[in-house]
Amino acid sequence: ETVVIESEQENNNVSNIEMSVNRLDIRTIQQMPAFLGEVDVVRSIQLLPGVSTVGEGATGFNVRGGAIDQNLVLLDEAPVYNSSHLFGFFSVFNPDAVRNVELIKGGIPAQYGGRLSSILDVRLKEGNAKRFAASGGVGVIFSRLTLEAPIVKDKASFIVAARRSYIDVLAKPFLTGDAKDSKFYFYDLTMKANWKINDNNTVFLSGYFGRDVFGAGFGFNWGNSTATLRWNHLFNQRLFANTTLYYSNYDYKLRFGQDDKDKFDWKSRIINYALKQQFTWYITPSNTLRFGADAIYYDFQPGDAVGVSNGEARNISLPSKYALEGGVYADNEQKINARLSFKYGLRVSYFNYLGKGTAFTYAAAEPGQRRDVLTEQAYGAWESIQTYANLEPRASVKYELNEVSSIKASYN
């Protein structure tokens, strides 16, 4: 049978117009230093230039001075709001299910919006379309198992990867008293399936579910859930499209108290529902146009909280908030000659704060003083409370001095 060997040319980082972009496949990540013998995606990118750790026991990463929440972390295009397990020691990305990782630190393409500092785009494997395969491991912190197999040979396949830590199980024989009820573990499940309908149409379905549980006389847990459905359609050799639907849910819970007479429960969450449409048009060998649009519906639950004191309950929940975010964009990459290339684009972003809710107007006050409420207005479901719009220009240029050197600049 035909064997195809692919590689990037040695000076690809010189000849490519992209700057501040790192691409790592899972084999490269597996060769990097590992914490307690366990390979991890986020810890691996912290070894790259411009990326620093937030610190032990903290989640996320910093890119060139940017804050943690200025990084857009994507798992098969669905945003992940808390990418950590075990208070930052491990990430939610199971390396057995990851195909490749792309970190964009500058010159961010117009298709991305909503974050300022960086994009971490993690893509999952699509499963073995030839034969059944299984892999796993027993580690110091957790054990893992991965299964992949064809559904229809060479047409459809799947992969399922699961992990579970067992610090709580190993420590239990050594604990006494109330400490025996301590909980400290995480688990996650990653899945993906694909179906090649024909040469022009392929459908992908992926999902993630994971949770961390921590407690000793109190309860604290958090978790992420994502689901992505993507349809790749090839119109012809020069034009293709990606249509994506995704769902993302991040929540965390707090619980204090030993009985129902004196306790406190808190739950917060962020839910996203989104539709993305992307087109890539190879106009000529020297000119590539990318354009599209996306829309995200947000359901924020700031705090669902109930406190019970001496058997008397008090609900101190905060009302849910809703919003609609959208964007349209176009990005053109143009090669002027063998040395000079340009990439320029524009993204128009839109954010609509929606009801159901109440909007307040406050009086002016001196710094540090409480501001009085002047007016308040109630809005019904889907009513527009406030809107924001913005133009986001992007531009990059590359001039190749010779085969081993080039000068690049970008703005976004």
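The accessible surface of the chain comes to about 22,700 Å². Carbon and sulfur atoms account for 56% of that surface. This is a predicted model. Along its principal axes, the C-alpha trace spans about 75 × 60 × 40 Å. The chain has 412 residues, and 39% of them are buried. Its secondary structure consists of 4 helices and 25 strands. Among contacts in the chain with a separation of 6 or more, 59% are between residues 24 or more positions apart.

Start inside, with the nonpolar residues. In soluble globular proteins, nonpolar side chains tend to be buried together. The largest nonpolar core here holds 26 residues. Ile45, Phe61, Phe93, Val101 and Leu120 touch the most other members of this core. Two helices, α2 (26-30) and α3 (41-45), each give two or more residues to the core. So do the strands β3 (61-63), β4 (71-75), β8 (98-104) and β9 (118-124).

Leaving aside residues up to four places away in sequence, Val101 touches Asn22, Arg23, Leu24, Ile29 and Val41, among others. Its list of neighbours also includes Ile45, Leu120, Asp121 and Val122. Two of these neighbours, Ile45 and Leu120, are themselves among the core members with the most partners.

Now turn to charge. Side chains of opposite charge can pair when their charged atoms come close. The whole structure contains 21 salt bridges. Which residue meets glutamate 77 in a salt bridge? The partner is lysine 276, with an N to O distance of 3.1 Å. Glutamate 77 sits in the loop between β4 and β5 (78-79), and lysine 276 sits in strand β17 (residues 262-284), so the bridge ties together parts that are 199 residues apart in sequence. Both ends are shielded by the criterion used here, since buried means under 20% relative accessible area. Glutamate 77 is buried at 5%. Lysine 276 is buried at 12%.

A second bridge joins the side chains of aspartate 96 and arginine 144, at 2.8 Å from N to O. This pair also links distant parts of the chain, 48 residues apart. Aspartate 96 is in the loop between β7 (90-91) and β8, while arginine 144 is in strand β11 (residues 142-152). Is each end buried or partly exposed? Aspartate 96 is buried, with a relative accessible area of 13%. Arginine 144 counts as partly exposed, at 25%.

Aspartate 294 pairs with arginine 347, and their closest N and O atoms are 3.0 Å apart. Elsewhere, salt bridges form a network that links Arg255, Asp260, Lys263 and Asp265.

Next, look at the end of the strand list. Strand β24 (residues 384-402) and strand β25 (residues 405-411) run antiparallel. They are joined by 7 bridges. One of the pairings sets serine 396 against serine 410 in β25. A hairpin of 2 residues connects β24 to β25.

Leu205, Leu229, Leu245 and Leu275 make a nonpolar surface patch of about 350 Å². Leucine 275 is in strand β17, the strand that also holds lysine 276. Leucine 275 counts as partly exposed, at 44% relative accessibility, whereas lysine 276 is buried.

Finally, check the backbone. Where is the cis peptide bond? The bond joins glycine 355 and lysine 356, with omega about 15°. Lysine 356 lies in the loop between β21 and β22 (357-362). Two residues other than glycine deserve a look for a positive phi. Arginine 64 has phi near 50°. Arginine 64 lies in the loop between β3 and β4 and is exposed, with a relative accessible area of 52%. Asparagine 310 has phi near 55°. Asparagine 310 is found in the loop between β18 and β19 (312-315), and counts as exposed at 69% relative accessibility.

Technical notes:
Residues are numbered from 1 along each chain as its sequence is written. This is a predicted model: local features need pLDDT of at least 70, side-chain atom pairs count only at pLDDT 80 or more; totals for chains, interfaces and linings use all residues. Side-chain values use heavy atoms; hydrogens and water are left out. A nonpolar core is a set of buried Ala, Val, Leu, Ile, Met, Phe, Trp, Tyr and Cys residues joined through side-chain atoms within 4.5 Å. Buried means under 20% relative accessible area, exposed over 50%, partly exposed in between (1.4 Å probe, protein chains only). Contact means heavy atoms within 4.5 Å. A salt bridge is a side-chain nitrogen of Lys or Arg within 4 Å of a carboxyl oxygen of Asp or Glu. Two strands pair if DSSP finds at least two bridges between them. Accessible areas come from the Shrake-Rupley method with a 1.4 Å probe; for residues, only the protein chains shown count as cover. Patches are made of residues with over 30% relative accessible area and no salt bridge: like charges are joined within 9 Å, nonpolar side chains (Val, Leu, Ile, Met, Phe, Trp, Tyr) within 5 Å.
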